[in-house]
Amino acid sequence: MSDIKSDFINKDEQELMNIIESILFAVGDRVNIKTIKEALDISENYAETLLKKLQSEYDFNMRGIKIVRTDDTYQLATRSEYFDYVKKVLTNYNTTTLSQAALETLAIVAYKQPVTRLDIELIRGVKSSSSLDLLMDRGLVEQAGRMEDVIGKPMSFKTTKEFLRLAGIEKLHELPEFENFVNDLEEHLDEKMEEASEQLMFTEKINE
Amino acid sequence: MKNNILHLSSFEGPLDLLLHLISKNEIDIYDIPIVEITKQYLDYIYSFNDLDMEVASEFVVMASTLLEIKSKMLLPVEVDENEEEIDPREDLVARLIEYKAFKELTKELKESEKIYNSTITKDPEYYSEIKEEYIVEDIDVSLLSKALRSILIKHKMRVNEFSENQTIETDTFSVDDSILTITKVLEKETKISFFSLFKGEVKKGYVIATFLATLELLKMNMVKLIQNEAYDDILLERI
């Protein structure tokens with residue numbers, strides 16, 4: 001099976017993929033596709049194709065490591081499916097999950113960015129500065145410059161590449177449509193309407 | 001509210017509490033019975049024992065908003081410029097719907113956070129800075145020497161001081177060694193002069209090390225330093 005597969009891949013191509021793999025390992029951090037493109041002296045499109053191939057190869061074989069893409073960067077990461085085992089080895093590894101308040105704030109920043117602290121607080125109805133600080137500490141949110149056209153020129157905030165990784169998406173526009181979550185509500189109401197009309201028909205029937 | 005076991009801290013904020021009341025009463029969010037909801041909302045607020053104003057102030061603001069809406073509902077219906085009836089609840093409903101949507105989104109984020117937290121990435125790998133342009137390979141020492149000579153001549157410096165094969169001695173003076181020297185002397189005598197520590201030709205590095213050693217001894221509370229005037233000799237007295 002693997003023989004057939006390698007036949008399909010051009011030998012040079014395989015080598016380039018190997019090089020990319022080495023680069024990703026050596027850097028550890030996110031690697032911008034432009035860096036890879038320049039290092040290999042290939043076009044950005046080709047670099048992307050190779051990365052995709054490498055990515056699917058990793059996925060196909062359910063390798064312990066996967067390639068995570070966020071925006072225009074690529075990074076090696078362990079496969080979450082194996083975390084229970086990895087955790088056993090990492091004695092000092094503790095993950096602290098974000099609080100409800102922090103997650104709400106994060107969701108608002110994600111959909112409303114660039115957004116000021118005041119805007120967040122208006123939506124949530126509560127003070128959100130500590131949540132915002134926490135998110136910045138975690139590298140999920142960052143400053144996005146001052147709002148020049150708003151009185152007092154308040155600081156605005158946006159999400160980071162780290163957030164994309166948390167949300168499990170490659171690009172910001174892949175976030176689920178906000179409207180879907182509002183429509184959910186309307187659907188719920190439609191159901192209620194239906195229920196009500198059924199109820200009405202039912203009572204009519206009884207009356208008959 | 002007799003069996004109210006919830007605390008203010010159970011809610012993320014006033015909107016959260018309102019959404020809780022709405023779902024509990026199975027109310028249509030677009031048609032909130034404002035009188036009933038306001039009553040329930042206030043009951044909740046009053047029942048909280050932990051009415052910490054720092055936290056509660058936001059809940060109180062909402063209470064006043066609810067009361068304002070309630071009073072508006074009692075007044076004759078207002079119409080906007082398009083002759084359409086203005087529902088005083090409109091703004092609140094819009095806020096609730098938006099907040100509810102974000103709450104739903106939070107659930108999604110929570111799910112993806114689980115995967116995120118069980119995926120480990122590496123910190124950026126650290127490599128010490130080696131600037132390639134400074135690495136010169138295959139140097140002919142005589143060429144280097146010639147180059148140096150030409151530079152020295154250009155700057156009218158003496159050339160004969162530099163012969164091709166000259167060893168430059170590295171002077172190693174450690175503060176620790178100097179401390180030992182001083183303490184040894186101080187074992188016998190109660191006082192020594194700083195100047196007396198240097199006899200004959202001494203290297204600058206040795207003086208510096210000795211001076212640092214006296215400072216170190218002072219810090220360790222082992223000597224007292226006496227100097228009558230600036231640039232004068234320093235007396236080290238054993239404590």
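Colleague: Angles under 35 degrees count as roughly parallel, over 145 as roughly antiparallel, 65 to 115 as roughly perpendicular and the rest as oblique. With that settled, how do α6(A) and α7(A) lie to each other?

Modeller: Before I answer, a word on what we have: this is a predicted model, where local features need pLDDT of at least 70 and side-chain atom pairs count only at pLDDT 80 or more, while totals for chains, interfaces and linings use all residues. Residues are numbered from 1 along each chain as its sequence is written, and chains are lettered from A and ligands numbered from 1 in the order in which they are written.

Modeller: Now your pair. Helix α6 (residues 100–112) and helix α7 (residues 117–124) of chain A have axes that come within 10 Å and cross at roughly 120° (axes are lines fitted to C-alpha atoms, for helices over the stretch in contact, and angles run from 0 to 180 degrees between N-to-C directions). α6(A) and α7(A) are therefore oblique to each other.

Colleague: Nice. Which residues in α6(A) meet α7(A)?

Modeller: From α6(A) you have Glu104(A), Thr105(A), Ile108(A), Val109(A) and Lys112(A), and they meet Asp119(A), Ile120(A), Ile123(A) and Arg124(A) in α7(A). A contact here means C-beta atoms, placed from the backbone, within 7 Å.

Colleague: What about α3 and α4 of chain A, at what angle do they cross?

Modeller: Roughly 105° for helix α3 (residues 33–40) and helix α4 (residues 44–60) of chain A, with their axes coming within 9 Å. α3(A) and α4(A) are therefore roughly perpendicular to each other. On the α3(A) side the contact is made by Ile33(A), Lys34(A), Ile36(A), Lys37(A) and Leu40(A), and α4(A) brings Glu44(A), Ala47(A) and Glu48(A).

Colleague: Let me zoom out. How many helices and strands does chain A have?

Modeller: Chain A has 10 helices and 6 strands (helices are DSSP runs of H or I with at least four residues, strands are runs of E with at least two, and both are numbered from the N terminus). For contacts in chain A between residues at least 6 apart in sequence, 47% join residues at least 24 apart.

Colleague: And which way does β5 of chain A pair with β6(A), parallel or antiparallel?

Modeller: Antiparallel: strand β5 (residues 141–146) of chain A pairs with β6(A) over 4 bridges (pairing needs at least two DSSP bridges between the strands). Glu142(A) stands opposite Lys158(A) in β6(A). Strand β6 (residues 155–159) of chain A is also joined by 2 bridges to strand β4 (residues 115–116) of chain A, again running antiparallel. There, Thr116(A) has Ser156(A) of β6(A) as its bridge partner.

Colleague: Over to the other chain. What pattern does chain B follow along the sequence?

Modeller: Chain B reads α-α-α-α-α-α-β-α-β-β, which comes to 7 helices and 3 strands. Of the contacts in chain B with a separation of 6 or more, 60% are between residues 24 or more positions apart.

Colleague: What order do the 3 strands of the open sheet in chain B have?

Modeller: The order is β1-β3-β2 (chain B), and the pairing is antiparallel. β1 (191–193) and β2 (223–226) of chain B stand at the edges with a single partner strand each, so each has one side without a neighbour in the sheet. On average, neighbouring strands of this sheet are turned by 25° against each other, direction ignored.

Colleague: How many bridges join β1(B) to β3?

Modeller: 3 bridges, linking β1(B) to strand β3 (residues 235–238) of chain B in an antiparallel run. Helix α7 (residues 204–219) of chain B lies across β2 and β3 of chain B, and α7 runs at about 120° to β2(B).

Colleague: Last topic, the two chains together. How many residues of chain B are in contact with chain A?

Modeller: 35 residues of chain B are in contact with 37 residues of chain A. α1 (14–24), α3 (53–74) and α4 (90–117) of chain B each supply at least two residues of the chain B side, and α4(B) gives the largest share of that side, 18 residues.

Colleague: How do α1(B) and α4(B) pack?

Modeller: At an angle of about 95°, with their axes 10 Å apart. α1(B) and α4(B) are therefore roughly perpendicular to each other. Leu15(B), Leu18(B) and Leu19(B) of α1(B) make the contact with Arg95(B), Leu96(B), Tyr99(B) and Lys100(B) of α4(B).

Methods:
Contact = placed C-beta atoms within 7 Å.
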